[in-house]
Each structure stands twice: as C-alpha cells, then as structure tokens.
Amino acid sequence: MKYPNPNMLRTSVLLLMMAAAFGQTNVQSGKRYPRIVIHGAMVVDGSGTPASGPKDIVIEKNMIADVLPAGARRAAGDIVIDATGKYVLPGLIDAHAHVQDERGGIPQPLDYELKIWLACGITTVRDVGSDTLKTLELRRKSASGEVASPRIFVYPMFGAPKTPELARAHVRELHALTADGIKFTGINRDIMEAAEDEAHELGMRIAHHVGVEETTAWDDIKFGTTSIEHWYGIPDAALDDGVQNFPTNYNYSNEGDRFRYGGHLFREANPETLLKVLDGMVKAHVAWVPTLSIYEANRDLQRSKTAPWFKDYLHPVLEKYFEPNVANHASYFDHWTSTDEAYWKENYRLWMAALREYDKRGGLIGVGDDAGFLYSLYGFGLIRELELQQEAGFPALKVIQHATTNNAKILGQEAKMGKVRAGYLADIIVVNGNPVEDLKVLYPTGTETWIDGKPVHGGAVEWTIKDGIPYHGPTLLNEVKEMVAKARAQKGTNGGS
C-alpha cells in the first residue's frame, strides 16, 4: 500500500500500535473469550440516567469487570471491540415471549427465532408458554453456551386444575421441573388463590394474562401476582357493573368477538375506579407488561401486514400462520373494519394514559412483545414496543430502562442483570447510533438518513454480547435472510403478506 504523505504512514503505524496494545480486533462471532474490552463507547447504563462517555468496558468471562473512562488506563483484552462513536446499552430483555419451533402445527426452525432475537439485541427472554420440556433443555443449552440463544426464563402455562388441592400439586410439579415461574391465563379465583399461595412458598414468580374471567386485577393485587400481561384485567376491575357491555350475541370463544370488543374496554372503565386499581397495583408491587406492539394490527391492520422487514425476514411458515384462520390463535382478521380500528385507536389512547398514570404513582412497567402472532415478527416486535412506549409519553431513556432494569426486577434478577455496571452479567449491546435520539437504530435492518441528497444507511445492533459471548448482529441477520430465502424456494412463495 502506498501512502501519499508521511502523516498517513505515521497514522497507520499508530493504529497498529494501538491495536497491539489493546489486543486483537478480529472478533469471531459466537466464540467465548477470556477477556473482552469494548473501547470508546457512549454508555446508557439502563438506570434511566443520561448517556456518558467515552468509556471502556472490560468483560472477564461472563461478567462485567470494570467500566472506566476511555484512556484513563490502557485496558488490555484478548479482543477489542472498537465502539468509537457508538452506544452501548444493557442487553434488552423480552419479558413476554414464546419459544416457537412450529406455527399452526407446521415445523419452523427454532434457530430462526433465536437468531432474530440476538440480532435485535435481546439477551434474555421470559418464555410464557411453549413446550415446557423442550424449552427447559434450551435454557440449559443457552446457559452452557452450546447454542446461540438469549438466556431463557421458563414460565409454563398453568392450565386449569379442577380443585385448589390439584392446583397446589401442579405448582409443586412445575417447581420440581425447575421452572422459573408460572403463566396464568383463564383461572378461577379459588384455584388462583391456592396456586399463588403455593408459588410464593416455593419462591416462584407469576405472570397473569387475565382475560375476561371472574378474576381481575383486584385478585392479582390481593394474591400477589408478579406481573399483569397485556391490558385485560385492569380496566375490567374498574367497570361500574363488573361486566363489560357486550352485545347479546357475544361469544368470548370467537376471537373476532373477543378482540373486537376488547377495543371497547378502556372507554367503559370508570376513570376514578381505574386510578384506585392502579394505586392498588403499585402498593402490592404488581408490575405491568403491556405488550402494546402485539395489538397494533387492531388499530392499523394495513401497517402491520406490510412491515418492511417481511420482505426478507418473514419465514413462510409464520407468514401462513398470520393468514386469517379460526384454527390459529389470534389469526382473526377475516373481517376487520375501519370502525374496529377507530375503537382500538381510542383504546390505545386510554391505555397509554393509564400506563403514564401507573408510572407516576410508582408502578413498575416492563417490556414484552408476544411476537409470533398478529403480524408481529420476533425481535422486531420488541423494538416496536419501545417505540410505542415512547408514543405513550415516556422518554427514550425511560423506555430503555423499562426494557433493561425494570424487566430484570420483574424477573427478580435486578442485582445481576439489566445494567452496564461492574459486577453484573456481561449482557451488552453495541449499537451503531444513538438510541436515545432515535429508537429505530435498534432495528437490525438499520436506518436510512439523507446527507447531501443521498441516502446513508446506518444504525443496527453491531454486537450482542450475551453471557460474555459476542454475536455479530449483521451476520446473524444475514443467516436469517438466507434461511428464509431457502424456505421460500422450497415452498414456492415470495413472502410478504
């Protein structure tokens, strides 16, 4: 290589000397290194405080050993990730996810979901319903580094034991399987009371998708549920008559009915009673994981069906599942009207206002996406959830805190997860851009800006470090793209919706 002037030669030599001082820079994706240094990053530590830096982050094995001002002293590592001009955040936690290796009974590669999660900067997921034994094995493989996967917390769906005694026995069975917690769906009050009591005795946490049933948020408050999922159960607890004003031909088992009139729920809640419900949740330490993104198709079906990432990353098995089909849960868009969307837009306004009030009163808000349903793609749905929480009125720093520190608290892991801090697990993401300015830089497909009349591509998570193992986001996303292209060629589909 020829240098046109001596300054370029000196610069090149200096860079080589710096590389030698800091360690090798050729990082291999998916390989564990004894000591990693992330150099020169702006750090958003997950606590809700502003970014600061540049800083060096030292990782030893699977722990953050130190966070220090860049240049304070030369931190040497087996490898160095140059984060100059980039932002480092705690790994994102998805508090409402499903491990899925099939959709509608058709096999779907598990690797597809896992790689998208990692490419989106997700280092931990709380699985709230899957094939329990398979997911427990995935949890083990993830913990040992045998598979490229986020860390997994397993909350099996509880089912419907017929008596309180059977409910207690079932909790003990799940505990014996080493499940991390329990996911309630439809449940009777006496069954819920017994199950929660047994779970508390065993130190198991509970996520509750309340649904339209005899239990509401008042029961979660009374019995000590860890988190309420979605939105059902909270406005229900504030209905003056205790029952929503359903039409006479309403059928909850008909998902078209269920979700259509779900969009009417917040408008029927008594605002004063709703505030009392929120206060009760705060006092009882019941967290709220709203999953705003999973219902977005209800307020804007066209937007959801034509997400730009579907072109390259929507697997044909998932694409088929999204089509209207009464056999598939949440595939109910056979007839969805502008009137339905208008009700849901109002429902979102009231829902978001309730979230702001809950936060003001001291409530703990988490982040989850429930992807794999309703035109929501794994990982991408979580980034969209961050955007929607910002739309609800939370600053980006607060939203990032919801997805990191708050979610760690919901998992009971706040002493070792959810922050870029010495002594915490080395779950870190390196982002090509400033997510405090624009959350869209977290999408693995990146962002496009215009400079001097020309489009410039940027953004995306460059490195997802989980348990101290670095995974290269663009490489993972390219593998997903190839996986989808191969599946489409075999199925004879062009993708999209």
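Q: Which residue in β14 does Ser227 stand opposite?
A: Ser227 stands opposite Ala287. Keep in mind that this is a predicted model.

Q: Which strand pairs with β14, and in what sense?
A: That is β13, residues 227-229. The two pair in the parallel sense, over three bridges.

Q: OK, what's the strand order in the whole sheet?
A: The order is β11-β12-β13-β14. These four strands form an open sheet, with parallel pairing.

Q: Which strands stand at the edges?
A: β11 (181-184) and β14 (287-289) do. Each has a single partner strand, so one side of each has no neighbour in the sheet.

Q: And the twist, what does it average?
A: From one strand to the next, the twist averages 25°.

Q: What holds strands of a sheet together in general?
A: Strands pair through backbone hydrogen bonds, either parallel or antiparallel.

Q: Switching to α3. How many residues does it have?
A: Helix α3 has 13 residues, 132-144. From first C-alpha to last it reaches 19 Å, close to the 18 Å expected.

Q: Which residues of α3 are buried?
A: Thr132, Thr135, Leu136, Leu138, Arg139 and Ser142.

Q: Why are they on the same side of α3?
A: Because they cover an arc of only 160° around the axis.

Q: So what covers them?
A: The cover includes α2 (110-119), β9 (122-127), β10 (151-154) and β18 (461-466).

Q: Last one. Which residue just after α3 takes a positive phi?
A: Gly145 does, with a phi of about 80°.

Methods. Residues are numbered from 1 along each chain as its sequence is written. This is a predicted model: local features need pLDDT of at least 70, side-chain atom pairs count only at pLDDT 80 or more; totals for chains, interfaces and linings use all residues. Side-chain values use heavy atoms; hydrogens and water are left out. The expected span of a helix is 1.5 Å times one less than its number of residues. Buried means under 20% relative accessible area, exposed over 50%, partly exposed in between (1.4 Å probe, protein chains only). The arc is that of the directions from the helix axis to the C-beta atoms. Contact means heavy atoms within 4.5 Å. Two strands pair if DSSP finds at least two bridges between them. Axes are lines fitted to C-alpha atoms, for helices over the stretch in contact, and angles run from 0 to 180 degrees between N-to-C directions.
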